[in-house]
Amino acid sequence: MDSLSTTLDAVCLASQMILESGGETHRAEETVERMCQGLGIPRVDVLALPTGLMLTLAMSDDNSISRIVRVHNRSTDLGRIDQCNDISRKVAAGKLSAAEALTALKEIKHTKPEHRLLLIGASALSAGSFTVMLGGSWLDFIVSFFCGMAVQGVLPPLAKKQVPPLISSLIAGALTALMALIGVWVFEDVSVEPIISGAIMPLLPGLAVTNAMRDTIRGDLVSGGARVIEAILSVMMLAAGIGLMLTMAGGGVLG
């Protein structure tokens, strides 16, 4: 039988990766409960928040262990969430021990993300497509395509250097506006409005808002409120970056 410490390591890592990958707090809590049930832990107390995790596992009144885990970096990685869910289900079904689950989770944690060029291409194509959907021309599509490419090329290095997400949103907004203004300077028949509108669509915190609503509906008011505030601040910083760059450029381009 796995030690209580090994079990705690496994469930902590699984729930932590779910929170770091953009998963809901109730999903992180259910993962802990499901895994502990499959591993024969009779009592589990867990509280997940967007920025941390607190849990206690107990075999009896005099045999318990607690831990607090801080979540610093958050992104969107639905593939990693699915992998963690798959492991938790196998543990719940008795197909994996805590030690085996911990080994598998560590492999997932150290797996390199999708190829960076693929992410840059997907972001660029998404930005250009939104621009066309919002009434832009195919020339606007080209400019917006390069806007999305530039922003996605800058965000990962910022995250690697642990730049705060809100500052990254400010930089992303400013860079989007700068690229749009360069496009107007290079081409005469492009419009700033659809280019910027389309280019920022992939940057909007849609998943955060969705998770906030789901957490709130389930009664997780602290998590839901925190995610709403985070989403609002992210949008405000994105808009501030765009406004700052347009103001510095003189603002006359929109006229």
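The structure is a predicted model, in which local features need pLDDT of at least 70, side-chain atom pairs count only at pLDDT 80 or more, and totals for chains, interfaces and linings use all residues. Residues are numbered from 1 along each chain as its sequence is written, and side-chain values use heavy atoms, with hydrogens and water left out.

**Helix H7**

Helices (H or I, at least four residues) and strands (E, at least two) are DSSP runs, numbered from the N terminus. H7 spans residues 165-186, has 22 residues and reaches 31 Å from its first C-alpha to its last. That is close to the 32 Å expected at 1.5 Å a residue, where the expected span is 1.5 Å times one less than the number of residues. Buried residues (under 20% relative accessible area; exposed is over 50%, partly exposed in between; 1.4 Å probe, protein chains only) of H7 include Ser168, Ala174, Leu175 and Leu181. The buried residues of H7 pack against helices H6 (138-160), H8 (192-200) and H10 (221-248), contact meaning heavy atoms within 4.5 Å.

Alanine 174 lies in H7. Not counting residues up to four places away in sequence, alanine 174 touches Gly241, Ile242 and Met245. Leucine 246 is 72 residues from alanine 174 in sequence, but their C-alpha atoms are 8.3 Å apart.

**Hairpin and cores**

Strands S1 (residues 43-49) and S2 (residues 52-60) run antiparallel and are joined by seven bridges; strands pair if DSSP finds at least two bridges between them. Two residues separate S1 and S2 in this hairpin, and alanine 48 has leucine 53 of S2 as its bridge partner.

A nonpolar core is a set of buried Ala, Val, Leu, Ile, Met, Phe, Trp, Tyr and Cys residues joined through side-chain atoms within 4.5 Å. The largest core has 31 residues, and Val11, Met35, Leu53, Leu55, Leu57 and Leu105 touch the most other members. H1 gives the largest share, ten residues. A second, separate core of 21 residues includes Leu175, Leu181, Leu238 and Met245.

**Aromatic residues**

Rings of Phe, Tyr and Trp (its six-membered ring) pair if their centres lie within 6.5 Å; planes under 30 degrees apart count as stacked, over 60 as edge-to-face and the rest as tilted. Three aromatic pairs are counted. Phenylalanine 145 and phenylalanine 146 have ring centres 5.8 Å apart and planes at 80°, so this pair is edge-to-face. Trp138, Phe141, Phe145 and Phe146 form one aromatic cluster.

| Residue | Relative accessibility | Class |
|---|---|---|
| Alanine 174 | 15% | buried |
| Phenylalanine 145 | 22% | partly exposed |
| Phenylalanine 146 | 42% | partly exposed |
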